[in-house]
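Visitor: Could you give me a close look at a single part, and then show me how the rest is built around it? I'd like to know what I can read with confidence and where I should be careful.

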Amino acid sequence: MAEDSFLTDDLLRQLISVGEVDLLVGLPSHNNAETIGRAVEAIEESFQRAFPRQRVVIVNVDAGSNDRTSEVFLNAVPRKNGNSRGLTSLRTEHRVVTRYENPSSATVFRTIVATADLLRARACAIVSAATPNLTADWIGNLLQPIYRQDYDFVAPLYARQRFDGLLARTLLYPMSRAIFGKRIRELHSTELALSGRLATNCANQNVWHDAPIQDLPQTCIALTAVTSDYRCCQSFLGPKLRPAHVSAPDIVTAVRQAVGALFWCIDSQDSYWIDRSGSEPVPTFGPDHELTDEQVTVNLQRIFELFRSGVAELSPILKAIAAPDTYAEIQRLETLDERNLCFDNALWAKTLYDFAVAYHRTLLNRDHLVQALVPLYRGKIYSFFRQHAASSPSDIEADSENLCLELERQKPHLIEHWKVNSEVKP
Amino acid sequence: MSEVVQSLWYKDAVIYQSHVRAFYDSNNDGIGDFPGLMQKLDYVQDLGVDALWLMPFFPSPLRDDGYDISDYYSVHPSYGNLEDFKVFLNAAHLRGIRVIIELVLNHTSDQHAWFQQARSSRDNPKRNWYVWSDTDDHYKDARIIFLDTELSNWAWDPVSKSYYWHRFFSHQPDLNYDNPEVFEAMWGVMKFWLDIGVDGFRLDAVPYLVERDGTNCENLPETHAIIRELRKRLDAEYPGKMLLAEANQWPADVASYFGNSDEFHMAFHFPLMPRIFMAVQLEDRKPIVEILEQTPQIPDSAQWCIFLRNHDELTLEMVTDVERDYMYDEYAKDKTMRINLGIRRRLAPMMDNDRRRIQLLNVLLMSMPGTPILYYGDEIGMGDNIYLGDRNGVRTPMQWNGGWNAGFSGADPERLYSPLISNPVYGFQAINVESQKRVPHSLLNWMKRLITVRKSTKVFSRGSIEFLRPSNHRVLAYVRQYEDEKILVVNNLSSSAQAVELDLSQHKGSIPIEMSGRNLFPRIGDLPYLMTMGPYQSYWFRLRRL
């Protein structure tokens with residue numbers, strides 16, 4: 001298929017019938033027949049409750065399911081909201097389906113934002129069909145700030161178990177906050193919302209084929225909103241459950257995708273952040289964050305061993321990436337036993353910045369470079385688990401804040417090294 | 001023509017609703033009258049309608065525009081006398097125009113002699129003709145209909161020192177149908193007018209005839225029994241005459257008033273009307289399709305009465321809260337436009353005087369299942385005056401020409417029963433019959449052609465309806481069928497051009513013939529039938545197998 005026609009003729013035919021809309025909800029799916037029906041119910045319930053007058057459409061972009069996901073999507077019966085005579089929304093609630101065989105996430109997201117652009121949607125939410133506990137409130141909380149309050153980008157906030165989302169807590173959030181200056185906690189979530197303006201901007205970007213964002217294009221969307229000075233906010237959605245039969249991606253994959261996308265954005269948007277310091281909060285609807293207190297079982301021994309073996313194996317690579325003092329400190333950590341290993345915030349901040357600079361300079365294959373961070377990340381979360389085994393949620397939150405501040409404090413160090421032998425892109 | 005076909009005249013009719021007072025003043029006293037109405041029958045006939053529905057013309061204190069009747073056996077002196085009515089009726093019949101009159105069964109004026117006697121003492125023989133109580137505790141579940149003016153359905157009578165029941169204004173006491181004398185009295189009234197020659201009755205406020213504790217006092221079995229008895233007597237003694245129910249209820253509740261062809265011949269489809277307006281504003285067929293799909297089947301001899309506007313507010317009782325809010329926001333932004341649970345505006349102003357939208361609504365009216373009713377003045381796009389109070393703003397004098405008093409009356413303008421519409425957009429200088437008669441493509445002439453086309457077939461009046469469901473929700477398409485005849489109706493509800501693919505596989509091989517120009521369209525084949533439509537455009541196609 002030619003690059004300029006990634007939207008299928010069948011999808012276009014459906015869009016002609018739908019016409020201009022006020023609200024669009026994109027629903028990526030892949031073998032989600034079990035959960036997509038509930039998702040449709042939740043979305044349409046939200047339409048009926050919060051947007052009964054608006055022109056609405058749900059766009060299911062299916063990644064080649066073989067479990068009749070799209071059929072379930074089209075045939076899901078909307079839940080009645082108790083109105084007399086069974087009348088619900090004033091308008092026709094459209095459902096549109098398009099399918100690709102094994103598309104990247106970037107293709108799926110691009111299809112949704114391009115559809116929002118074509119239909120001139122004022123607000124577009126994207127939610128995962130796999131989420132088992134999607135509710136009407138989620139949809140309302142994502143769309144309302146854009147539709148009613150003129151925001152351009154809504155990042156979700158979740159209630160999390162205190163050791164859940166550690167990649168975001170120890171890396172993605174602190175680093176993106178320090179560099180881009182906006183305190184947005186969830187940059188890579190499967191839920192987000194954007195305005196028609198931002199959708200148009202994203203649809204017209206020439207980045208959709210860039211390898212680093214193929215798996216997590218939402219990071220790019222979020223940072224486009226930040227760096228183009230769109231109005232950003234966060235909206236609390238509540239707890240997010242993982243689909244019963246879907247396991248979390250392994251650490252290597254998670255780091256490659258999330259950190260790879262973040263580093264790519266940092267590199268490509270340096271003209272935005274290079275002269276900025278500090279960070280500012282973004283408006284937040286609902287609680288700023290919520291940590292729950294459940295106990296979890298973690299195999300710390302295994303994490304420790306993987307840290308040590310990884311650092312040992314990747315020693316030449318780490319030496320090439322990290323600044324000498326950073327590398328020396330990492331070497332020192334590798335020699336410590338389990339009880340004494342502590343990857344503190346200062347070293348972690350320095351390490352991340354060294355990796356970002358190395359990525360910027362393409363000292364080695366960028367994908368390999370990002371993967372080299374994995375053992376160090378293991379060292380960091382090992383320290384985190386040990387430090388916070390008995391911590392309260394507020395202690396954990398305070399430590400996270402300290403990490404953020406440390407990264408903000410060390411940002412001049414990043415800028416100094418970034419500018420050496422490089423020109424900041426205009 | 002067979003007796004059966006003749007007796008079903010109401011199913012094929014197009015009805016024109018007017019108030020005697022508003023149509024034409026023959027004696028220059030500022031108030032329309034029966035001799036005036038008679039003078040304008042040629043106009044009514046030329047329009048192509050089959051029947052006139054006249055609002056109450058009985059003696060009345062006119063505190064509710066005549067729905068507060070003080071004498072059922074006469075004509076209000078402002079409109080003439082009984083002889084004038086008989087002459088008018090004869091003239092209408094000579095032109096093939098039937099006449100339907102109002103009959104308010106549920107209540108009288110408090111000035112009616114029956115009520116005056118009833119309140120005079122608790123022992124008066126007429127006392128039990130009304131609903132009295134020493135307390136206002138009964139029938140608590142009955143809603144108050146005129147929310148803007150009434151706080152209770154009970155009113156204190158200082159004369160007889162007790163409460164009387166009223167579902168509408170407090171000066172309109174409800175008759176007591178538990179008393180057989182009341183029923184016989186009202187049947188006597190009906191016989192009186194039937195003997196004179198009227199062709200049918202629009203029975204006002206039907207659901208409220210009987211009260212029972214523990215119910216909402218609407219649609220009770222006892223009420224249906226009363227209607228059945230009236231119908232039985234009507235069929236036996238006056239075959240071919242018609243009863244039309246005013247029951248502002250959901251279709252399933254109204255449908256019960258058709259009974260087994262033994263109650264009303266016709267009933268208004270109230271919930272459809274606001275949804276037609278809603279669909280056009282939303283540019284979405286959903287409200288119309290949804291309500292018609294909820295409309296139950298009715299007996300073959302029965303018929304829905306459908307309308308766009310009438311003498312009352314555009315009632316929003318039979319809509320959800322969300323729908324009502326939407327209607328208010330879109331069609332009655334100025335709160336003066338609102339009254340009770342409705343909107344007191346005429347068709348043209350509600351459509352922002354957009355000729356295309358006015359035509360679209362009339363096309364929908366003329367092509368949907370039921371007998372259409374046109375409200376006087378809407379055929380020329382008359383405006384309203386929302387500042388006249390109550391619903392008087394949609395009851396202003398008919399605008400016949402651009403001259404003195406719009407050609408309605410030779411009286412001094414100050415003497416007219418109501419000010420004329422005089423603003424630059426809708427005023428009589430701009431909107432009047434005479435000027436529109438002279439312009440071939442005026443709204444008036446377009447309406448005449450529309451009525452002519454509608455009456456060229458019985459499909460619209462008697463046929464079934466099957467909705468097509470093209471993926472383009474802005475297009476409302478349906479096939480009407482009666483016996484072997486089929487008509488495809490396609491309406492673009494939106495303000496922009498639309499493409500639509502219709503699944504007409506059931507009609508493969510048919511040739512669509514557009515009914516107004518009689519032009520042939522491509523034969524229906526295997527592929528979806530592609531049509532492009534301009535803003536608010538409609539087509540009626542006769543589907544011919546040739």
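Guide: Let's start with a pair of strands in chain B: β5(B) and strand β6 (residues 162-165) run antiparallel and are joined by four bridges. Please keep in mind throughout that this is a predicted model. To find the pair on your screen, look for Trp156(B), whose bridge partner in β6(B) is Tyr163(B).

These two strands belong to an open sheet of three, with the order β4-β6-β5 in chain B and antiparallel pairing. The edges are held by β4 (132-133) and β5 (154-157) of chain B, each of which pairs on one side only. In general, strands of a sheet pair through backbone hydrogen bonds, either parallel or antiparallel.

Now step back to the domain assignment. Chain B is divided into domain 1, covering 113-165, and domain 2, covering 460-544. The C-alpha centres of domain 1 and domain 2 of chain B lie 55 Å apart.

Thr315(B) has Gly342(B) as its bridge partner in β13(B).

For a strand whose side chains you can follow one by one, go to β20 (residues 529-533) of chain B. In a regular strand the side chains alternate between the two faces of the sheet. Opposite Thr532(B) of β20(B) stands Ala499(B).

The contact between the chains takes 17 residues from chain B and 13 from chain A. On the chain B side, α11 (272-282), α12 (286-293) and α13 (321-331) each supply at least two residues. By class, that side of chain B has seven nonpolar, five polar and five charged residues.

Chain A itself contains 17 helices and 11 strands. A compact globule of 426 residues would have a radius of gyration near 22 Å, and chain A agrees because it has 22 Å. Along its principal axes, the C-alpha trace of chain A spans about 70 × 50 × 40 Å, and 49% of the 426 residues count as buried. Among the contacts in chain A with a separation of 6 or more, 87% come from residues 24 or more positions apart.

The assignment divides chain A into domain 1 (3-292) and domain 2 (300-419), with 30 Å between their C-alpha centres. Where they meet, 27 residues of domain 1 are in contact with 26 residues of domain 2 of chain A. On the domain 1 side of chain A, the elements that give two or more residues are α6 (166-180) and α9 (251-268). That side divides into 15 nonpolar, six polar and six charged residues.

Glu191(A) lies in the loop between β6 (182-183) and β7 (192-195) of chain A, and it counts as buried because it has 24 C-beta neighbours inside 10 Å. Beyond its neighbours within four places in sequence, the contacts of Glu191(A) include Trp138(A), Leu142(A) and Leu237(A). Its C-alpha atom is separated by 9.7 Å from that of Leu27(A), 164 residues apart along the chain.

Finally, your point about confidence. Chain B averages a pLDDT of 95, with 99% of the residues scoring at least 70; chain A averages 90, with 94% at that level. Where pLDDT is low, the predicted coordinates should not be read in detail. For the model as a whole, the scores are ipTM 0.74 and pTM 0.84.

Terms used
Residues are numbered from 1 along each chain as its sequence is written. Chains are lettered from A and ligands numbered from 1 in the order in which they are written. This is a predicted model: local features need pLDDT of at least 70, side-chain atom pairs count only at pLDDT 80 or more; totals for chains, interfaces and linings use all residues. Domain bounds come from an automatic or database domain assignment. Two strands pair if DSSP finds at least two bridges between them. The radius of gyration is taken over C-alpha atoms; the globule rule is 2.2 Å times the number of residues to the power 0.38. A residue is buried if 20 or more other C-beta atoms lie within 10 Å of its own, exposed if 12 or fewer, and partly exposed in between; C-beta atoms are placed from the backbone. Two residues are in contact if their C-beta atoms, placed from the backbone, lie within 7 Å. Ala, Val, Leu, Ile, Met, Phe, Trp, Tyr, Cys and Pro count as nonpolar, Asp, Glu, Lys and Arg as charged, and the others, Gly among them, as polar. pLDDT is the predictor's confidence in each residue, from 0 to 100.
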